[in-house]
Amino acid sequence: MLSTRVGRRGQITLPKEVRHRIKVEEGDQIVFVIDGEQVVIKSIPHTLLDLRGSVPVSSEQDFDAIRKQALTRRAKRASKNED
């Protein structure tokens, strides 16, 4: 079992063994999943924005318009599920 102390502002340091096990490095994002009295720490290796530009496309892409369209579709789906 590994342990660490909580700092004055609620900060913790992930022990080296934990960082290696979940493959997290400086600058990476992690999430805390609360399950009853337990908290699970998971690494988020990449976000969609990190992958931006990694897939070749034939023309310019308007990411703001694409994001708006995705949010609109999600909102419509959510409103249908509420009925």
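Student: Start with Lys 23. Is Lys 23 buried or exposed?
Tutor: Lys 23 is exposed, at a relative accessible area of 72%. Buried means under 20%, exposed over 50%, partly exposed in between, with a 1.4 Å probe and protein chains only.

Student: Where is Lys 23 found?
Tutor: In the loop between α1 (16-21) and β1. Helices (H or I, at least four residues) and strands (E, at least two) are DSSP runs, numbered from the N terminus.

Student: What about phi of Lys 23?
Tutor: Phi is near 55°. That is a positive value in a residue other than glycine.

Student: What are the ground rules here?
Tutor: This is a predicted model: local features need pLDDT of at least 70, side-chain atom pairs count only at pLDDT 80 or more, and totals for chains, interfaces and linings use all residues. Residues are numbered from 1 along each chain as its sequence is written, and side-chain values use heavy atoms, leaving out hydrogens and water.

Student: Next, Ile 30. Which strand does Ile 30 lie in?
Tutor: Strand β1, residues 29-35. Ile 30 is partly exposed, with a relative accessible area of 28%.

Student: What does Ile 30 touch, not counting residues up to four places away in sequence?
Tutor: Leu 14, Val 24, Ile 41, Lys 42, Ser 43 and Ile 44. Contact means heavy atoms within 4.5 Å.

Student: How many residues apart in sequence are Ile 30 and Ile 41?
Tutor: They are 11 apart in sequence, and 6.7 Å apart in space, C-alpha to C-alpha.

Student: Zoom out. In what order do the elements run from the N terminus?
Tutor: α-β-β-α. That is two helices and two strands.

Student: And what radius of gyration does the protein chain have?
Tutor: 19 Å, whereas a compact globule of 83 residues would be near 12 Å. The radius is taken over C-alpha atoms, and the globule rule is 2.2 Å times the number of residues to the power 0.38. Along the principal axes, the C-alpha atoms fill a box of roughly 50 × 40 × 25 Å.

Student: How many of the 83 residues count as buried, in percent?
Tutor: 2%. Among contacts between residues at least 6 apart in sequence, 3% join residues at least 24 apart.
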